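Keep the sequence and the 3D view side by side as you read.

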Amino acid sequence: MPEKRIVIVGGVAGGMSCAARARRLDETAEIIVLERGDEVSFANCGLPYYVGGEIESRDALLVQTPESLRAALDLDVRVRHDVVALDTDARQVTVRTAEGTSTIDYDALVLSPGARAVRPPLPGLDSSRVRTLRTVGDAIALRERVESGAKRAVVLGAGFIGVEAAEALRMQGLEVDVIELAPHILPPLEAELASLIRDEMSRAGITVREGVGAESVEPGESHDTVVLGDGTRIPADIIVLSVGVRPDTEAFEAAGIEVERGAIVVDEHGRTSAPGVWAVGDAVVSTDAVTGIRRPVALAGPANRAGRLVADDILRPETARPIPAPLGTAIVRMGELAAAMTGANRASLEQAGIEFETLHLHPNQHAGYFPGAQQVHLIVHFAPGDGRLLGAQAVGADGVDKRIDVLATALRAGMTVDDLIDLDLSYSPPYGQAKDPVNLAGMAGENLLRGTLSVWHADELEAVTSDALVLDVRSRGEFASGHIPGSLNIPHTELRDRMPEVHDAAAGRPVRALCASGVRSNIAHRQLAQAGLDSATLSGGILTLKAALPNGGRDILTTQGAES
């Protein structure tokens, strides 16, 4: 007879990793996995790539089947089994199937119900042309519609799934409109980086509409029409709903399991408020490792790792490690670019009341003299006092994943920004630089901490142009291509000989220097500061300024009145 019955509600990431680990730890336990859907172990992160045709076969999405899991791990996996009630006193779950309802007793219960798509109360959202993208069935249905002749698609929501869905549908040749109610796509991404992804979407032929939401869907015989808040009407053969998710926990909340805004509250080992009940995955409240903000984190990596640790706590509690607070490390592809992030962004730091400094850098991903060098647009946030790393984000065509993964490791290790200087990272001209972008971020951060560097930011532009002399140290040709009105152009190689001109033009005002990316203006800043001027350099230079300004700065930057 089995010594322990472990019942797991929900498969995929958290549930199946818990089940597999439990079997490896205890060959005698009875392990039952109850999955509401048709598949218990599938590549949910691969769904958009099946829709787009990069993954050709739907079978490739099925990681494991009930039969393969029985054969390999002796797991009792039951699909189309919906847990509708829980009695924590009797240690019993109620399960609904096509045959009716039944009860199953447990010694240990693991809740991994995941999340369900948010469906806002919009008229017409029940149209058959509206789909989510969360299951294999969703992906199959979307691809079948594409292959049956769909020409136009509208994606509601431009988070990670929305962006991936838009890319997939565009790759299949559809006209695609993306609608995002927030001020910019990919809301967790800093605005000056999100604009780069938006531009890449436009380059790929995707129409992006930011700061506006859908008001209704009007079903039609040949197509539906999506009506936006500004009155725009967009015809659509396919509508992908991707405006967010919410924890799927109603049955467990009704059973008395403590929840917080619908997400299950757990301790550091995944234990819920009920004895013998654990929870993992998208339905669980997590405490942000940097800000302390409590929220669900709907990412596969943390769910997989948490499932493993919960199994440890069930079967080997004396040696089980706590589940670490997630950093929210994530990456998404759009066209030729990738966007990645780890730790806190500017908005979450401000929400948490945490002071921070921000650096923008645009180094190449590998040696500039080696063919194919391209910029990594990197942002790093850190604490102004001790330099503790708080978060990082990057966008680029190559090398983004490597840098954010290194910075995620540094964040987990509790490193400071100047610790990045000493990271011994692999280098060869095709793969990196002797001073890797991560090392350069550390050097710039140390300079800022020690007062060797002072910066100003794009959002200070109005105050700077009002109160300071803007000194553009780019070449004359660069300056003529577009500059801040009223700025003085002195190429950085001429600055030492022309320092008296700067003193005269400043007339006691601060001097705010800039160049293309911040490298030359930092050189200029050191000269200006040592010449006794109140100086700072634009973080990230004109590249960041253009990315941060509406319309790429075309409404502000001018080619007229060049003064040099």
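The paragraphs below treat a sheet, a helix residue, a pocket and aromatic rings.

This is a predicted model, where local features need pLDDT of at least 70 and side-chain atom pairs count only at pLDDT 80 or more, while totals for chains, interfaces and linings use all residues. Residues are numbered from 1 along each chain as its sequence is written, and side-chain values use heavy atoms, with hydrogens and water left out.

Start with the sheet. Helices (H or I, at least four residues) and strands (E, at least two) are DSSP runs, numbered from the N terminus. Two strands pair if DSSP finds at least two bridges between them. Strands of a sheet pair through backbone hydrogen bonds, either parallel or antiparallel. Here five strands form an open sheet in the order 30-34-33-31-32, with parallel pairing. Strand 30 (455–456) and strand 32 are the edge strands, and each pairs on one side only. Strand 30 runs parallel to strand 34 (residues 535–538), joined by two bridges. W456 stands opposite L538 in strand 34.

Now find strand 31 (residues 469–472). L469 and L471 point one way, V470 and D472 the other way, and all are buried. Buried means under 20% relative accessible area, exposed over 50%, and partly exposed in between (1.4 Å probe, protein chains only). Strand 31 pairs with strand 33 (residues 511–514) in the parallel sense, over four bridges. There, V470 has R512 as its bridge partner. Strand 31 also pairs with strand 32 (residues 488–489), parallel over two bridges. In strand 32, N489 is the bridge partner of D472.

V502 counts as buried because its relative accessible area is 0%.

Next comes the second largest pocket. On a 1 Å grid over the protein atoms alone, a pocket is an open set of points where a 1.4 Å probe fits, with protein on both sides within 12 Å along at least five of seven lines; lining residues have an atom within 4 Å of a point. The volume is about 480 Å³. Of the 25 lining residues, the closest to the centre are A191, E192, R346, D459 and A548. Helix 6 gives the most to this lining, with five residues.

Finally, look at Y50. R143 lies over the face of Y50, at 4.2 Å from the ring centre. A charge sits over a ring if NZ of Lys or CZ of Arg is within 6 Å of the ring centre and within 35 degrees of the ring normal.

Key:
Points joined across faces, edges and corners; volume = space filled by probe spheres on them.
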